[in-house]
Number of protein chains: 2
Amino acid sequence: MKFRRSERLVDMTNYLLEHPGELVSLTFFSERYQSAKSSISEDLTIIKETFEQRGIGSLTTIPGAAGGVKYMVSIKEEDAATFIDELCETIASPERLLPGGYLYMTDILGDPQTVNKVGRIIAARYAKANVSVIMTMATKGISLAYAVANYLNVPVVIVRRNNKVTEGSTVSINYVSGSSKRIQTMVLSKRSLVEGSNVLIVDDFMKAGGTMKGMVSLLEEFKATVAGIAVLVESEHNEERLIEDYISLIRLSEVDERDKKINVSRGNYFLNS
Amino acid sequence: MKFRRSERLVDMTNYLLEHPGELVSLTFFSERYQSAKSSISEDLTIIKETFEQRGIGSLTTIPGAAGGVKYMVSIKEEDAATFIDELCETIASPERLLPGGYLYMTDILGDPQTVNKVGRIIAARYAKANVSVIMTMATKGISLAYAVANYLNVPVVIVRRNNKVTEGSTVSINYVSGSSKRIQTMVLSKRSLVEGSNVLIVDDFMKAGGTMKGMVSLLEEFKATVAGIAVLVESEHNEERLIEDYISLIRLSEVDERDKKINVSRGNYFLNS
């Protein structure tokens, strides 16, 4: 049975969105819809234009017998900025202040629409960085790591503070927490990461960067490379920053528990672009 | 600027997929594309037919001034069965056996394509159950809970084993773990769940169901109702099952550590339908 163009457009859009970063051959679509490759090519031109115009993503066509089409996620600069400005306002609410100058962000990290948008912004920046794995520290960053992984279509590995029987044999390292200066342990299942992986580290929050530095050391144990480090919120502080090369979407510069004041602004993401 | 039908179809498909469970008014689309409502209605008919034919989901049209269209995720019965059978084979690999009869599933729970498919199967079953929140226990079930939440477009709340300063004030309960008979604690941030929520509990693994029963008790403290309980893998065991009403996608009936044998089959999901 043949498919009309309109049906093909709907199904192809869904298929491409579900397989970001994957090279899909024209033959696959041509057989899926019992349609000539020339028609498929025309479909893809329409999808490409709409994806670009709407900031949904880019479609790259690789010519030749082994070629095909690849969808990569993107976001319009102004959409990202508007969204982050709104999120800054949400975060700056005095009700979020917890004892010790911490911020309540659990609701934000549990809302799929918000987490997906943040994930999209981060994934868009690393879409061409050949990321093979997303890594995060349990537990608050997991939803965000998973959202980024979803858009880049790569697996997530989760570093823990302690051993669990369901993880099998593990590699563990000690590291110094940046702000509290305490020695802590982090653990990663041995079989969760293959040698030579190119890893994007994603987390919800960074202060001095001790945990991030720990994760970088852990990657060395696995002979893996760091594709990048991305955090939703970085918090300004008086001590030396332990890592240099990272992107942040939001910057917390002043948390005054007594006056219930939080100063929130755009992170360095918008400077680096 | 006017949009052609082909462009509208691509963008509407993306928009609907990104907003499952949301009622979108025809006026919204009509303004977004500078097109007559009659054209939008025709577009939606095409999308509806393709979504249903391909098992992507259902489109429900609510007529009247306050009406609109609502996308809900679905999956074809045979696609779900094929996928689960393949996953059974993956899980039955003897290399997954860990000391103590545990199974290594970390890679499965870290792979977005797999987790999304599992999430889709669970979400499809509860698409009409008015779920307002997904709840899971840290940390292994988080990716799965998040995938289900994504398809149902509702927030995730995460129950923990211990207090964290970033959670604010919490409610905690003690419960008896079903298999080890030990008394354990679970904790949920007070502001993470509003009274009257209708909660779908999602987890990766269930043995006797002690943790599940604990989560149900915790929900009573929050005056919330249980919309359902869904697990990826249930493990057969000799003791009494502590909860009755749940769905499982996969059933583990025999884990023989010595002979490196695992018996894996379809869960009760395929009986209940």
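The model is predicted.

## The sheet of chain A

In chain A, 6 strands make up an open sheet. Their order is 7-6-10-11-12-13, and the pairing is mixed. Strand 7 and strand 13 (261-266) are the edge strands, each pairing on one side only. Direction ignored, neighbouring strands in this sheet are turned by 25 degrees against each other on average.

Strand 6 (residues 133-137) and strand 7 (residues 156-159) of chain A run parallel and are joined by 4 bridges. Met137(A) has Val159(A) of strand 7 as its bridge partner. A helix belongs to this part of the chain as well. Strand 6, helix 7 (residues 142-152) and strand 7 of chain A form a right-handed β-α-β unit.

Strand 12 (residues 247-256) and strand 13 of chain A run antiparallel, with 6 bridges between them. Leu252(A) is opposite Val264(A) of strand 13.

Helix 7 of chain A touches strand 6, strand 7, strand 10 (198-206) and strand 11 (225-235). The direction of helix 7 makes about 145 degrees with that of strand 10 of chain A. Helix 8 (residues 210-221) of chain A packs on the sheet too, touching strand 6, strand 7, strand 10 and strand 11. For helix 8 of chain A, the angle with the direction of strand 10 is about 165 degrees.

## The sheet of chain B

Chain B has an open sheet of 6 strands in the order 7-6-10-11-12-13, with mixed pairing. Its edge strands are strand 7 (156-159) and strand 13 (261-266), and each pairs on one side only.

Strand 6 and strand 7 of chain B run parallel, joined by 4 bridges. Here Met135(B) has Val157(B) of strand 7 as its bridge partner.

Helix 6 of chain B packs on this sheet. Helix 6 touches strand 10 (198-206), strand 11 (225-235) and strand 12 (247-256) of chain B. Its direction makes about 130 degrees with that of strand 12 of chain B. Helix 8 (residues 210-221) of chain B packs on the sheet as well, touching strand 6, strand 7, strand 10 and strand 11. The direction of helix 8 makes about 165 degrees with that of strand 10 of chain B.

| Helix 7 of chain A | Strand 10 of chain A | about 145 degrees |

## Helix against helix

Two packed helices are described by the angle between their axes and the distance between the axes.

In chain A, take helix 4 (residues 77-91) and helix 6 (residues 112-125). Their axes come within 11 Å and cross at roughly 135 degrees. Helix 4 of chain A is therefore oblique to helix 6 of chain A. The crossing of helix 4 and helix 6 of chain A is left-handed. Helix 4 contributes Ala80(A), Phe83(A), Ile84(A) and Leu87(A) to the contact, and helix 6 contributes Thr114(A), Lys117(A), Val118(A) and Ile121(A). By class, this contact has 6 nonpolar, 1 polar and 1 charged residues.

In chain B, helix 1 (residues 5-18) packs against helix 2 (residues 26-33). The angle is about 135 degrees, and the axes are 12 Å apart. Helix 1 of chain B is therefore oblique to helix 2 of chain B. The crossing of helix 1 and helix 2 of chain B is right-handed. Helix 1 brings Arg8(B), Asp11(B), Met12(B), Tyr15(B) and Leu16(B). Helix 2 brings Phe28(B), Phe29(B), Arg32(B) and Tyr33(B). The residues of this contact divide into 6 nonpolar, no polar and 3 charged.

## Backbone geometry

Most residues other than glycine have a negative phi, and most peptide bonds are trans. Some places in this model depart from that.

In chain A, Ala138(A) and Thr139(A) are joined by a cis peptide bond, with omega about 0 degrees. Thr139(A) sits in the loop between strand 6 and helix 7 of chain A. In chain B, the peptide bond from Ala138(B) to Thr139(B) is cis, with omega near 0 degrees. Thr139(B) is in the loop between strand 6 (133-137) and helix 7 (142-152) of chain B.

Asn130(B) has a positive phi, near 50 degrees, and is not a glycine. Asn130(B) lies in the loop between helix 6 (112-125) and strand 6 of chain B.

Terms used. Residues are numbered from 1 along each chain as its sequence is written. Chains are lettered from A and ligands numbered from 1 in the order in which they are written. This is a predicted model: local features need pLDDT of at least 70, side-chain atom pairs count only at pLDDT 80 or more; totals for chains, interfaces and linings use all residues. Side-chain values use heavy atoms; hydrogens and water are left out. Axes are lines fitted to C-alpha atoms, for helices over the stretch in contact, and angles run from 0 to 180 degrees between N-to-C directions. Helices (H or I, at least four residues) and strands (E, at least two) are DSSP runs, numbered from the N terminus. Angles under 35 degrees count as roughly parallel, over 145 as roughly antiparallel, 65 to 115 as roughly perpendicular and the rest as oblique. A crossing is left-handed if the near helix is turned anticlockwise from the far one by less than a right angle, and right-handed if clockwise. Contact means heavy atoms within 4.5 Å. Ala, Val, Leu, Ile, Met, Phe, Trp, Tyr, Cys and Pro count as nonpolar, Asp, Glu, Lys and Arg as charged, and the others, Gly among them, as polar. Two strands pair if DSSP finds at least two bridges between them. A crossover is right-handed if, with the strands pointing away from the viewer, the path from the first strand over the helix to the second runs clockwise.
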